[in-house]
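This report works through one structure for a reader who has the sequence and the coordinates at hand. It begins with a single loop residue and then moves on to the sheet, the helices packed on it and two further residues.

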Amino acid sequence: MNNPTISSETELFRLPKSKVTCCACEANSASQASKPVVIMCCEGGCSRGEIARRAANLLCLKIAPEKTVRLCLGGAFTKDTGQRKLARYAKRLIAIEGCFIKCGTRMMMGVIPGLNPEVVDATDHYELEAMPFGIDGLSEKDADLCATKVADYVASLLRPS
């Protein structure tokens, strides 16, 4: 292969460009850019992704809203506008991943060369007797409990040592 960035260790795909931009997303990116920590997270449709998503929202909306901003992973991955700039220029970028596959981190590393977020595997911070695949198999109580444990762990990373 002539292109050094393409190898048997990478996947190459074509993503149609979008000519539209979300004004609300851009306004949010601009107003939140001064926050010291950008939180991106798994957006998976499984129970692990649901726990990571809830943890990120809890952290950014209730536990540490003055320090953190929640990244729109889809917006950041698919278009080089405000959301991607939040990730690219973050003083600190923390990825809350739902599982060991680390989809969100890998996606963003594909569009921002050299990106090196701090990665938290949410499953390292909670235990469930059984882990259903679908979010419909996870009770609200368990989802909230697990998400709170993950969010509290990430919040502990934000405290001065």
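## A loop residue with positive phi

Lys102 is placed in the loop between E3 and H5, where helices (H or I, at least four residues) and strands (E, at least two) are DSSP runs numbered from the N terminus. The model is a predicted one, in which local features need pLDDT of at least 70 and side-chain atom pairs count only at pLDDT 80 or more, while totals for chains, interfaces and linings use all residues. Residues are numbered from 1 along each chain as its sequence is written, and side-chain values use heavy atoms, with hydrogens and water left out.

Although Lys102 is not a glycine, it has a positive phi of about 55°. Most residues other than glycine have a negative phi. Lys102 counts as partly exposed because its relative accessibility is 27%; on this scale buried means under 20% relative accessible area, exposed means over 50%, and partly exposed lies in between, with a 1.4 Å probe and protein chains only.

## The sheet

Four strands make up an open sheet in the order E2-E1-E3-E4, and their pairing is parallel; two strands are taken to pair if DSSP finds at least two bridges between them. Strand E2 (68-70) and E4 are the edge strands, each pairing on one side only. From one strand to the next the twist averages 25°. The pairs are set out below, each with one pair of residues that stand opposite each other.

| Strand pair | Bridges | Opposite residues |
| E1 and E3, parallel | 5 bridges | Val38 and Leu93 |
| E3 and E4, parallel | 4 bridges | Ile94 and Glu118 |

Strand E1 (residues 37-41) is largely enclosed by the rest of the structure, because 5 of its 5 residues are buried. Val37, Ile39 and Cys41 point one way from E1, whereas Val38 and Met40 point the other way, and all of them are buried. In a regular strand the side chains alternate between the two faces of the sheet. Strand E3 (residues 92-97) is likewise largely enclosed by the rest of the structure, because 5 of its 6 residues are buried.

Not counting residues up to four places away in sequence, Arg70 touches Ile39, Cys41, Glu43, Arg53, Ala56, Asn57, Cys60 and Gln83, where contact means heavy atoms within 4.5 Å.

## Helices on the sheet and against each other

H2 lies across E1, E2 and E3 and runs at about 140° to E2; axes here are lines fitted to C-alpha atoms, for helices over the stretch in contact, and angles run from 0 to 180 degrees between N-to-C directions. Helix H5 (residues 103-111) packs on the sheet and touches E1, E3 and E4, its direction making about 135° with that of E3.

Helix H2 (residues 47-63) also meets H6, their axes coming within 8 Å and crossing at roughly 55°. That angle makes H2 oblique to H6, since angles under 35 degrees count as roughly parallel, over 145 as roughly antiparallel, 65 to 115 as roughly perpendicular and the rest as oblique. The H2 residues that meet H6 are Ile51, Arg54, Ala55, Leu58, Leu59 and Ile63, and their counterparts in H6 include Ala143, Ala147, Val150, Ala151 and Val154.

Leu138 lies in the loop between strand E4 (118-121) and helix H6 (140-158). Leu138 counts as buried, because its relative accessibility is 9%. Leaving aside neighbours within four places in sequence, Leu138 is in contact with Ser47, Ile51, Leu128, Pro132 and Ala143. Leu138 and Glu50 are 88 residues apart in sequence, yet 9.4 Å apart in space, C-alpha to C-alpha.
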